[in-house]
Every structure is written in structure tokens, then in C-alpha cells.
Amino acid sequence: MGELSPTQASWMPAWWKIWANPIFLKYRRLRLRPRPTAIWAIAIGLLATFIFTVIYLPATQREMLNPVEAARTTIIPLFILQGVLLMLFGTGAVASGIIQEKEEGTLDYQRLTPMHPMAKILGYLFGLPIREYLLVGLISPLMIFALIRGQIPLSASISIYLIFFSCVLLYHMTGMVAGMVMNRRKFAARFSQGMVIVFYLILPNFSNLGFYFFEYLTVRPVLVNQILPLLPQDLPSGLRDSVMLGVNDVPFFAFQLSPFVFSLLIQLLLLSTFFVVVYRKWENPVRHSMGKWFGLVFYSVVLVLILGNLLPLIEAQAEGSMRFGVLPREAIPIAVMLTMGMLCFSFSWLVISVITPNQFEYMTGLRRVLKLRLPRIPLSWDASSSLFHAVILAVLTLLSSLLVLHYLFEAGLMVSNGVEVSWAGIIRFPIILGLLTLTVFGMVEYWGNIRLMLFVLLGWGVPFFAAIILIATSNSFAKPAIYLGSISPLGCMVFTIVTAFEGLEDTEYLGSIQNAVLLCIVIYTLLPAYLILRLKRKQALMAEKVAQRAKGSVE
């Protein structure tokens, strides 16, 4: 009596034991059925064998490369095949599997079981893509042969595959988050797979604007850092030049981090964020994906990553280093400010939309406050208004953009074609970013997501596209097009940056652009103020209504 069982006495928490996880065992039986697994194994085995032999054998038999170089040449094609299996197919399997469990009601049943939430997360995380793991293991002998025959150092192989599986877990968690949040199976799978494509094909292009950290959400920099120096020297120069970035250390404030360390840092931070989101959804499906304070921490970490990578590159550019890709020197400040503005606007919108309660959630919070006899809804509750947190987001956005502008001035980059930029002119840019953040908050909390999306389409999208059509039609429509285009956040940012440069050659439209910027400032000052005042009035009425109902039920 009182003795611990072997399981309880074990130093390892029960939820780490994947091999004994009921959810993992369920999908091991479901997704590894003999017939479909054999078909997939034969198809992938033949494809991998073909890729290896068509590269290795001709190169060695025709004496184009020695055996060591030929083996090294097969590494990247085999690695790409492994990546497609786990990162694309595996991510889609996780997203669609979670949605299927939700549609069948199994997910709700799993919430009622006494299993630890981490055990449930890990069971789905490794159980749903188990077939893809098996297929990658099936072609691993070819990769192992290529690594050994190619004399790749063991440390390089370990670094590459640590980042590879870190990326795999990150993308699979992306699929799980999509499955938890979305309701349509195919859409969740395509969305998560699309995010993988965005990570590899779109976000790395931000490196030309100084935002290199997006590239380290992939395995590419570490792969290039470890493998590229060992590949044959007669590779196409375009291929070698396009991946030379991964060879260099990564500047992060005053530090120089290796691509391996920086990739692992960023991926683990994002992976931990996804774990928090999924954990909260497992505990209670109606909870917000992020708590309010965690949302602020997440946004702050994103800003630190952006600034830590961007500011040293601006300093290096001032010293003559070409760190902004193909951008000419005079275009650097405009590209950096515009990209920084859009990133801040997008991430702040994401955080606000996640942490902001709807009307039903707010009224539920009011009833709970009355029940617990609290003076107000605590700021940390999901049901509390996000005004306080939105103001902090706006302040963080304003301060970070001011810091970037300070570094651009210190580096002597705020000059274009001899046109001097003054602080008095450019200060409107961070102010606009802060006002846009508050505007998004007012729209989300007062209007709700449906009205907000309608406004985005009709209030921002239609005028913006109409402005493009007018300008493309005739120059005589340029002035009304400027006013129309300035209503959208993108047009507002662009025109705010343009008016900061004094002495522009094209003075015909300069007055219209300046007036459009003033119109933007007026609109995005009055609009959030109006929305917040209406929101406060609406919340006061809801509080009064809840109090009256509670009083009537007592009587």
C-alpha cells in the first residue's frame, strides 16, 4: 500500500511515451495498412532509386565525377524528396486528420479522456504522419550511403537533420493549428501545405529587403552552409550565387550566430507558440488561440527578431557591405520602411484578431464577473476588451519603426537622388502605423470579423484597385486615383513615405499626395476614436443589460 507503480515511479512523464500512446497506436494501425502502405513504399522506393542511380551511375561510369563528388551530388535531390514527403504530404495529413476527427466528434471525445493534453498533442503529431515517416525511413539507406560515400562530416549530417526535423515538427504543428481553428478538411490541408510553399518560395525573398530571418524558418540556410562547400565546383554559377547567403553567419544585434543556431532559435520559438495555441484549444475549444499577455509577448518577440536581424544589416550597409540583395542604395530606405510597416500591420492585426472577444464572449465574461462579485473583467481573461493591449501593440509598433528610422538616418541612407529627408516629414510614418493598429482593433471588437472583412473588401480593396485602373487608363485621372489609393493601408504607407522626401521632381502631383496623406491621418484618427467610443457605449449597455437580468433573476 502506498507504493508507486513502475509507470508512476519512472522519471519520464507518461505523455512522452509515444510508443504507448493510444492515439499514436490508433493511427499506426490506420495509416500503415499493408496494401496502401506497400503501394506507397514501392512507388517512393522506385522514385528514390531512380533519382540516385540516374545521377550517381552516369557520373561515375562516364568518369565525369569521382565517386565522392558523385555521391555528394545525389544528396540534395534525395533530401528534397524527403522534404516533400514529410513537409508537404505529412503536413497535409496532420491538418486533414485533425479536421476529420473534429467532424466525426472524436476530438470532443478525446477531450473527455483522462489523458494529459500533451499526450494527445504528441499522439496526433506523430501518429497522423506516420506513413510519411516510414517512407522517409525507407529511402534513408540511399541517403546514408550518399553521406558516407560522399565523406560528409558526421557533425554536418547531424546539424542538417536536426534542423530538418525541427522544420518538420514546425510545419506539422502548423497543420494541427489549422485543423484546430478551421472547419473544412480540404481547406485546412491546402492552407497548411500552402504555408510550407510560402516558407520556401515567398518569404525568403524578403532577404533582399534585409529581413533575413524568414529564410531561417526553412532548412535551406543550414543545408547550404554544410553541403554547398563540399559540392563540385563546376555547378552552375547562378545556383551557387543564389544560395551563398547560408554560408555566412547571421547578424543578431551585436552577436554573430551560425545558421544552425539561428534557425534552431527561430523555429523553436515558433514551435513553442504553436504548442501553446494547440494546448489551449485542447483544454477548452472555445478559448482564444492566444491569451492576451501571451499575444503581446509573441508580438514583442517577432519585433525583436525583425530588429535584431535588420539593424546590423543597416549598419553594415553604411560601411559599404551589400546586404540588401539587388536593391540600389537609394531604394533601401523606402523598401525597408514599407516592408517593416506591412509586417507590423499584419502581425498586429493577427494578434488583435486572436485575442479580441466577440459580443457573446464579452457578455459571458460580464455574467461571470457578477457571479464572482468582481469589480470588472480582469485584463487577462479572454472575455475582457483588448483596448489596453491594442494600445500597447500600437506603442510597440511606433517605437520599433522609430528605431528603424533612427538607424537609417545614422547610416546616411535617408537620401534619394540628393533629396534630403527630414524627421519632421518622416515622423508621420510611425504615427500612421500606430493609428492603423488602433483602427484594426476598433473594427475587430466593435464590428466583428464578418463586418471587418466586408469593409476590407469594399472600403480598402475596391478603392485601391479602382485607383490602379484609373492610373492605368489615363494620367488625367491621377489625382482622384491618389485620393482613392490613399484610403487603403498600403497606399497610405506609400504616400506617407513619398511625402517625406522634399524637392521631388514631379511637383504636379506632390500637392495631391500631401493632401491625401493629411486625409489619411484625419480618417485614421477619427475612425478609431469613433469606433472606440461606440464600443464603450455598447459595452456599457451590455453591462447594464446583464446586471438587470441578474437582478431580476434574484428577485
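Predicted model: local features only at pLDDT ≥ 70, side-chain atom pairs only at ≥ 80, totals over all residues.
**Ground rules.** I number residues from 1 along each chain as its sequence is written, and side-chain values use heavy atoms, with hydrogens and water left out.

**Overall make-up.** I counted 23 helices and four strands in the chain, taking both as DSSP runs numbered from the N terminus (helices H or I, at least four residues; strands E, at least two). Of the 555 residues, 49% are buried, where buried means under 20% relative accessible area, exposed over 50% and partly exposed in between (1.4 Å probe, protein chains only). The chain exposes about 27000 Å², of which carbon and sulfur atoms supply 67%; the areas come from the Shrake-Rupley method with a 1.4 Å probe, and for residues only the protein chains shown count as cover. I then looked at contacts, meaning heavy atoms within 4.5 Å, and among those between residues at least 6 apart in sequence, 78% join residues at least 24 apart.

**Salt bridges.** I took a salt bridge as a side-chain nitrogen of Lys or Arg within 4 Å of a carboxyl oxygen of Asp or Glu, and by this rule there are six. One of them joins the side chains of Glu132 and Arg31, at 2.8 Å from N to O. Glu132 lies in helix α7 (residues 130-138) and Arg31 in helix α2 (residues 22-31), so this pair ties together parts that are 101 residues apart in sequence. Glu132 is buried at 6% relative accessible area, and Arg31 also counts as buried, at 15%.

I noted another between Arg220 and Glu215, where the closest N and O atoms are 1.5 Å apart. Arg220 is partly exposed at 22% relative accessibility, whereas Glu215 is buried at 2%. In a further one, the side chains of Arg287 and Glu283 meet at 2.8 Å, N to O; here Arg287 is partly exposed at 26%, and Glu283 is partly exposed at 44%.

**Helix α2.** Which residues of α2 are buried? I find Ile23, Phe24, Tyr27 and Arg31. They cover an arc of only 100° around the axis, which puts them on the same side of α2; the arc is that of the directions from the helix axis to the C-beta atoms. The buried residues of α2 pack against α3 (34-61), α4 (67-104), α5 (106-112), α6 (117-127) and α7.

**Cores and buried residues.** I treated a nonpolar core as a set of buried Ala, Val, Leu, Ile, Met, Phe, Trp, Tyr and Cys residues joined through side-chain atoms within 4.5 Å. The largest such core has 135 residues, and Tyr124, Met173, Met176, Val404 and Leu408 touch the most other members. Not counting residues up to four places away in sequence, Leu408 touches Ile314, Pro333, Val336, Met337, Leu413 and Met414. A second, separate core has eight residues, among them Met363, Leu366, Trp381 and Val546.

Leaving aside neighbours within four places in sequence, Thr437 is in contact with Ser348, Ile352, Ala390, Leu393, Ala394 and Thr397.

Last, I looked up Ser488, in the loop between α21 (478-485) and α22 (489-498), which is buried at 5% relative accessibility. The Ser488 side chain reaches the backbone oxygen of Gly485 at 3.1 Å. With neighbours within four places in sequence left aside, Ser488 is in contact with Trp460, Phe464 and Tyr524.

Note on methods:
Polar contact = N/O pair within 3.5 Å; in protein donor to acceptor, adjacent residues only side chain to side chain.
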